[in-house]
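User: Got a protein model open here. Can you walk me through a few spots in it?

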Amino acid sequence: MPVRGALALIAAPGSVLRPVASALLASIVLLALSPEPAAPQGGAADGAWHTYGGDPGHTRYAPLDQIHAGNVADLEVAWRWNARNFGTSPNIRSSTTPLMVDGVLYATAGIRRSVVAIDAGTGETLWMWRMEEGERLEAAPRANPGRGVAYWEDGTGGARIVVVTPGYHMAALDAATGKPVPGFGNQGVVDLMENHRKRDGVDLVGTIGASSPPTIVGDVIVVGSAHHVGFRPPSMVNTPGDIRGFDARTGRLLWTFKTIPEPGEAGHDTWGDDSWSYTGNAASWAPITFDPETGYVYVPTEAATGDFYGGHRPGNNLFSTSLLVLDSRTGERVWHFQTVHHDIWDMDNPAAPILADIEIEGRPRKVVVQLTKQNFAFVFDRVTGEPIWPIEERPVPQTDVPGEWTSPTQPFPTKPAPYDRQGFSEDDLIDFTPEIRARAAEVASAYRMGPLYSPPSLARAEDGTRGTLMLPYSTGGANWEGGAIDPETGYLYVGTQTNPFVLALSEGGDNSDMRYIQGFGRAQVAPGIPIVKPPWGRITAIDLSTGEHAWMIANGDTPDFVAERLDLEPASIPRTGKISRAGVLVTRSLLFAGEGMAGDAVFRAHDKKTGEILAEIELPNAQSGLPMTYMHEGRQYVVLSVGGGGEPSELVALALPPS
């Protein structure tokens, strides 16, 4: 197996050195003993969809072209699978993306996160599994259907489906029957709260769970976690989000990487005032990507507790809000890059890192791309951690909030350019007419404005302002939908929303032992209409061979209510796109995109090179999950989750009419 350059993996720009020698050698030996799956950069292979992102590198690309520009307008609904009877909240939206292996789809459904197997050609349910979690489910921070499952083959003809439940159990199921595998954990289930770090006085139940599927590399299952939203945490003391590796055959814990380091561990000195001992979060709630050639996992981490005030955790706070690269066999850190120092903007790395083998400026490169909420694409050599283009530490505005600490600089990639707007100024105000702009300016005058990384401010500041206008929103920009890359062209596609957010801090008081938590504010020119210029939802294509943008389009027509609420003629308003983030899929012939959870029930096919809309396909409901595609019995299908409007979630399969 390839190990060239392995001994150079000790450090990288922005990283902390780690000891190597014996651990690295052991890692190389262990990896050499494991069968090597397909390379991560080629997309979903053999007409299947084996992982959440299609392939280990999360390219969300499939080299299929039965559906192409000449016939895509003929797509029709081939079958629908309904989650109406799954759980106590059947109307909850689902973001599951099914896997497809050997003619069977595997997905999650309902608030209990039941696992279902579905016939790929007909939509018929083949089997179902669910776990009764009682209090663990009721208290779960992420009680939702989740984003899907993982698939593993044992090398002897057997296959397993692995799921992490809302109550933070991990189950291994026989892929053929759905029955728990007896030799895995306790009768097929591992309690992920066992052997997990905890804080004094904090119960793990109710403070940790998961929403993304685990990642399986060789014979190791790598698991992250998800916690409660940290806008208004009840306490500065919280459960840390460690990354852990488990034996895929037995469920035995193999290793733990502490994202909030303890004394003697690298990065510990970035937590002032002993804040390492009580701070939580810094988890990886987004999917984790892996490179089968090296066995490395690419872990996107979130902010530490809390999202908008960090006075109780002074310092840069490694390894929060970082791209963290670990050896999947040992849990040893290979390299890392912190994308936000001392994050007080909720700028979690929200999406699975994307791996690709492409030619950049005439040179073959193995890259990893981390998309971010703040609309940067950080691009690195995925083996060494070297930035493909320079990343500059630039001075940023500093805080005046009592007790807060801010980093004097933040990292800014020089390429690619941001794929959506950053920071807020009067030039960003909506200006359909002078009157509407004046109305927006009046709203904005109550808040502070400034460039990216302008810090949160008090809801009742001494200067009379009521917070800071932040663009992008704390949910992006980009978010869990991430992007997709075409490995044949090097084009990267990202769906984003453009909507300002008010960063206002109020005293914790009776609500929290933190000095400050999120306050409240709204920046709209009319109900549902932001004070910022459109487009409010967009898709951007970036040519990674040069780092330059190729095209950008507004994603979605202008909502009907905009003209009515602004008292304008519809024809006078440009195409605004929806305040929503597109989930995208790339094939050999097309780019597919919906409008996301806040959009209309429509699915579009685009020309990959230009963004031109080639077809619009009506859906039963709005897109709520990422689309995937596969071949089954000579027919190409595109499947995605839809939901909303009080209707149960569904999986919808699109295909060309039978010939």
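User: Is His341 buried or exposed?

Analyst: His341 counts as buried, because its relative accessibility is 10%. Buried means under 20% relative accessible area, exposed over 50%, and partly exposed in between, with a 1.4 Å probe and protein chains only. This is a predicted model: local features need pLDDT of at least 70, side-chain atom pairs count only at pLDDT 80 or more, and totals for chains, interfaces and linings use all residues. Residues are numbered from 1 along each chain as its sequence is written, and side-chain values use heavy atoms, with hydrogens and water left out.

User: Where does His341 lie?

Analyst: In the loop between strand S18 (333–338) and strand S19 (354–360). Strands (E, at least two residues) and helices (H or I, at least four) are DSSP runs, numbered from the N terminus.

User: Which side chain makes a polar contact with His341?

Analyst: That of Glu393, at 2.9 Å. A polar contact is a pair of N or O atoms within 3.5 Å; within protein, one must be able to donate a hydrogen and the other to accept it, and residues adjacent in sequence count only if both atoms are side-chain atoms.

User: What else is His341 in contact with?

Analyst: Leaving aside neighbours within four places in sequence, its contacts include Asn316, Ser407 and Pro411. Contact means heavy atoms within 4.5 Å.

User: New topic. Which residues have the most contacts inside the largest nonpolar core?

Analyst: Trp79, Trp81, Tyr106, Phe592 and Tyr630, in a core of 58 residues. Another core, of 34 residues, lies apart from it, with Met236 and Trp335 among its members. A nonpolar core is a set of buried Ala, Val, Leu, Ile, Met, Phe, Trp, Tyr and Cys residues joined through side-chain atoms within 4.5 Å.

User: How about Asn375: what is its phi?

Analyst: About 75°, again positive in a residue that is not a glycine. Asn375 counts as buried, at 0% relative accessibility.
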